[in-house]
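Student: I would like to learn how to read salt bridges and helix faces in a model. Please give the general idea each time, then the case.

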Amino acid sequence: MLWNKKIFFLDRDGTLAIGMKPIPGVNEFLEALSSAGKSFYVLTNNSSKTPVQHHERLAKLGLNLKLENVLVSIQAAMSFLRGNGYQKVYWIANKPVEQYILEHGFTFEKRDPDCILLTYDTELTYEKLVRLTALVRQGVSYFTTHEDIVCPTESGPVPDVGTFIKAIEMTTGVRPSKSFGKPNPAFIEPILAKHGYAAKDAVIVGDRLYTDIKMAIDTGITSVLVLTGESKREDHEASGYKASLVVDSVVDLIPLLGK
């Protein structure tokens, strides 16, 4: 089922690592992918960090990846904003992510922005939320990098963008008109096109039913649910999102990569 696949899209949080603790056997899994000649990318919705920061954290975990093989939802968001003429943006973001957005030609605008971009801001303040809700009520276009409800950490799940979205919705009655990370197929379509691959050539591996597995279902890509992160086997059994394969960990995939 997996031996003839050509490209693997791997979730980071809950799949390859929990915080700064690698999943046991993850290096052996990545080595097996390389040995089998598979292309692979790490996809993360976690927009609290820039691609460079994510790459550095993966390197500290001992994972040998090229920067270009680390894809973050903020990149897809900026690509959309740029392509649709949004330049003045009110964003909620951590300082390094704010600097990253500025470096890519966008202007921070608090009073009269072209749009709003909500990222996973772990430096979130009440003042930021109040300003965002005021702009939403004014009808400013409202986007978010992703909609994950929680982020898995070594000390347990913590609130992610999805919880921010809910608070904003309860205040304004409005949800974001678009999100750019998983499960949006646009997150991976440019990579498939770059390699000349089709959906039948790809695999998505992740721990979330409503992002990783939903993206796979929506695109017709083979999916693998790992049970090292947010979703448990009973969650999968009760869900409408059914993975092609359910395994305890990525290490269980190693024997499936060869004929």
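Tutor: Helices (H or I, at least four residues) and strands (E, at least two) are DSSP runs, numbered from the N terminus. Helix α4 is followed by G105, whose phi is positive, near 90°. This is a predicted model, in which local features need pLDDT of at least 70, side-chain atom pairs count only at pLDDT 80 or more, and totals for chains, interfaces and linings use all residues. Residues are numbered from 1 along each chain as its sequence is written, and side-chain values use heavy atoms, with hydrogens and water left out.

Student: Which residues of helix α4 are buried?

Tutor: Buried means under 20% relative accessible area, exposed over 50%, and partly exposed in between (1.4 Å probe, protein chains only). In α4, residues 95-103, the buried ones are V97, Y100 and I101. They cover an arc of only 100° around the axis, so they lie on the same side of α4; the arc is that of the directions from the helix axis to the C-beta atoms. K95 and E103, on the other side of α4, are exposed.

Student: What covers the buried residues of α4?

Tutor: Contact means heavy atoms within 4.5 Å. The cover includes α2 (51-60), α3 (73-83) and β6 (88-92).

Student: How many salt bridges does the structure hold?

Tutor: A salt bridge is a side-chain nitrogen of Lys or Arg within 4 Å of a carboxyl oxygen of Asp or Glu. The structure holds 14. One of them joins the side chains of K182 and D212, at 2.8 Å from N to O. K182 sits in the loop between β12 (178-179) and α7 (189-195), and D212 in helix α8 (residues 209-219), so the pair ties together parts that are 30 residues apart in sequence.

Student: Are K182 and D212 buried or exposed?

Tutor: K182 is buried at 4% relative accessible area, and D212 is buried at 1%.

Student: Where do R233 and D248 lie?

Tutor: Their side chains form a salt bridge at 3.5 Å, N to O. The pair links distant parts of the chain, 15 residues apart: R233 is in helix α9 (residues 233-238) and D248 in the segment after β15 (245-247). R233 is partly exposed at 38% relative accessibility, and D248 is partly exposed at 48%.

Student: What about K200 and D201?

Tutor: Their side chains meet in a salt bridge at 3.4 Å, N to O. K200 is exposed at 60% relative accessibility, whereas D201 is buried at 7%.

Student: Which residues are linked in a network of salt bridges?

Tutor: Such a network links E147, K166, E169 and R175.
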